[in-house]
Amino acid sequence: MTLPAPLVTAAQAEFRAAMPGGGALLGLDLGTQTIGTAFCDAGWRFASPGKTLKRGKFGADKVLLAALIAERSIRGIVIGLPLNMDGTEGPRVQSTRAFVRHLVPLTNLPILFWDERMSTLAVTRTLLDADASRAKRAAVVDKMAAAYILQGALDRLARIESAAAEDADPDQP
């Protein structure tokens, strides 16, 4: 018996429907040299920065990610999709999609692509506002960007669930 292919999508409603019981999610911000990680609670309310992993060959990356997935009982993954500012896909999107193609057989978890345009910029501005040093910003920007990406997805998924609940019972205030 062959297992169905895991869901890999950019459609938030489809991702939400694939995970009716919720569960902890892993957020990823792929950089060329590091992978920022973030986690959320099982109720999908709050994203928290995790670790910044040094990227190597995919074999080494997958061992680190598999350990995080097992340690945190992860049920799904949200990964930043670095679209160009005009919405087109460039080399970084191709690299992200290739990473996900290699990740799918390892996890068999649903994966949501999330538009990450401006995430690193927003996090960097927040860190600058907090007067973080250049060294401190460099140390935390990737995991903070992963949390920003994951929180954006959580907020959208909550709106989808709220709209579905309203549609199911229009008499509720």
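**Terms and values**

Modeller: Arg16 lies in helix 1 (residues 12–18); helices are DSSP runs of H or I with at least four residues, strands are E runs of at least two, and both are numbered from the N terminus. This is a predicted model, in which local features need pLDDT of at least 70 and side-chain atom pairs count only at pLDDT 80 or more, while totals for chains, interfaces and linings use all residues. Residues are numbered from 1 along each chain as its sequence is written, and side-chain values use heavy atoms, with hydrogens and water left out.

Biologist: Why does Arg16 count as buried?

Modeller: Buried means under 20% relative accessible area, exposed over 50%, and partly exposed in between (1.4 Å probe, protein chains only). Arg16 has 13% relative accessibility, so Arg16 counts as buried.

Biologist: Which residues does Arg16 touch, not counting residues up to four places away in sequence?

Modeller: Gly22, Trp44, Leu157, Ile160 and Glu161; contact means heavy atoms within 4.5 Å.

Biologist: How do you know that the span of helix 3 agrees with its 17 residues?

Modeller: The expected span is 1.5 Å times one less than the number of residues. For helix 3 (residues 91–107) that should be 24 Å, and its end C-alpha atoms are 24 Å apart, which agrees.

Biologist: Which residues of helix 3 are buried?

Modeller: Val93, Thr96, Phe99, Val100, Leu103, Val104 and Thr107. What covers them includes helix 2 (58–71) and strand 5 (76–81). Just after helix 3, Asn108 takes a positive phi of about 55°.
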